[in-house]
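Please read the briefing below alongside the sequence and the coordinates.

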Amino acid sequence: MSDILHTPKAPRAVTDGDIILATVDVELSPDQVFRAMNTRELEVWWGEEGVYSMTKWFSDLQIGGLWHVETLLADGKKHPAGGEFLEIEAPHKIVFTRKYEWDFPLLGQRVTKVTYLADPIPSGTRVTVKHEGFEGLREPAEIHADGWERVLGWLTKYK
């Protein structure tokens, strides 16, 4: 029975149009997940040829510290984003704001809030992402939910 409870599952994300919840189990420790998602390691795994990649990652990993990254699209367009760290309980929890520095369709430059949780499980770590701040903007929330599923799928391949 315990094998059934810990069988790896595909990443999953859902939204009610206001908040996104996404989760995946990975064969990494919480420390490895924390580094992968909050340091320059992000540039190694977050992206896919023909889709986009993350470049120019910067973070001042402390409460009130800023982070910044540039998304490089397959067509060469650059879409920067950044925010501020609000809460850090390494390696299990981090909360930060996120704002695009360009007009994301139907979202613009609205500030949203992202929470990463990294909970140890027998096979590694359960990663949960809560992305808030889409109130009244269902379509961008659905686009981001699809994006979180894709990103967490990339994380499962990170070593």
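## Sheet, helices and voids

Gly47 stands opposite Ser53 in E4, and this pair belongs to the antiparallel pairing of E3 with strand E4 (residues 52-59), which rests on two bridges. This is a predicted model, in which local features need pLDDT of at least 70 and side-chain atom pairs count only at pLDDT 80 or more, while totals for chains, interfaces and linings use all residues. Residues are numbered from 1 along each chain as its sequence is written, and side-chain values use heavy atoms, with hydrogens and water left out.

**The sheet**

- The strands form an open sheet of nine, with antiparallel pairing, in the order E1-E2-E9-E8-E7-E6-E5-E4-E3; here strands (E, at least two residues) and helices (H or I, at least four residues) are DSSP runs numbered from the N terminus, and two strands pair if DSSP finds at least two bridges between them.
- Strand E1 (12-15) and strand E3 (47-48) stand at the edges, and because each has a single partner strand, one side of each is left without a neighbour in the sheet.
- E2 and E9 run antiparallel and are joined by eight bridges, with Thr128 in E9 as the bridge partner of Thr23.
- The antiparallel pairing of E8 with E9 comprises nine bridges, and these two strands form a hairpin with two residues between them.

**Helices on the sheet**

- Helix H2 (residues 30-38) lies across strand E2 (19-26), E4, strand E6 (78-89), strand E7 (93-100), strand E8 (112-121) and strand E9 (124-132), and it runs at about 155° to E8; axes are lines fitted to C-alpha atoms, for helices over the stretch in contact, and angles run from 0 to 180 degrees between N-to-C directions.
- Helix H4 (residues 138-156) packs on the sheet, where it touches E1, E2, E3, E4, E7, E8 and E9, and its direction makes about 10° with that of E2; contact means heavy atoms within 4.5 Å.
- With 19 residues, H4 reaches 27 Å from its first C-alpha to its last, close to the 27 Å expected at 1.5 Å a residue, where the expected span is 1.5 Å times one less than the number of residues.
- Among the buried residues of H4 are His144, Trp148, Val151, Leu152 and Trp154; buried means under 20% relative accessible area, exposed over 50% and partly exposed in between, with a 1.4 Å probe and protein chains only.

- A search of the whole structure finds two cavities of 30 Å³ or more; on a 1 Å grid over the protein atoms alone, a cavity is a set of points where a 1.4 Å probe fits but cannot get out, whereas a pocket is an open set with protein on both sides within 12 Å along at least five of seven lines, and lining residues have an atom within 4 Å of a point.
- The largest cavity has a volume of about 150 Å³, a volume being the space filled by probe spheres set on the grid points, which are joined across faces, edges and corners.
- The largest cavity is lined by 18 residues, of which Trp46, Trp57, Trp67, Phe96 and Tyr116 are the closest to its centre, and the elements that give two or more residues to this lining are H2, E4, strand E5 (66-73), E6 and E7.
- The largest pocket has a volume of about 390 Å³, and of the 18 residues that line it, the closest to its centre are Tyr52, Arg98, Tyr100, Phe104 and Arg150.
- At least two residues of the pocket lining come from each of E4, E5, E7 and H4, and the largest share, seven residues, is supplied by H4.

**Single residues**

- Thr115 lies in strand E8 and stands opposite Lys130 in E9; at 10% relative accessibility Thr115 counts as buried, and, not counting residues up to four places away in sequence, it touches Lys93, Ile94, Val95, Thr128, Val129, Lys130 and Glu132.
- Gly65, in the loop between E4 and E5, is buried with a relative accessible area of 2%, and its C-alpha atom is separated by 9.5 Å from that of Phe96, 31 residues apart along the chain.
- Phe34, in helix H2, counts as buried at 12% relative accessibility, and, not counting residues up to four places away in sequence, it touches Leu61, Ile88, Ala90, Pro91, Lys93 and Ile94.
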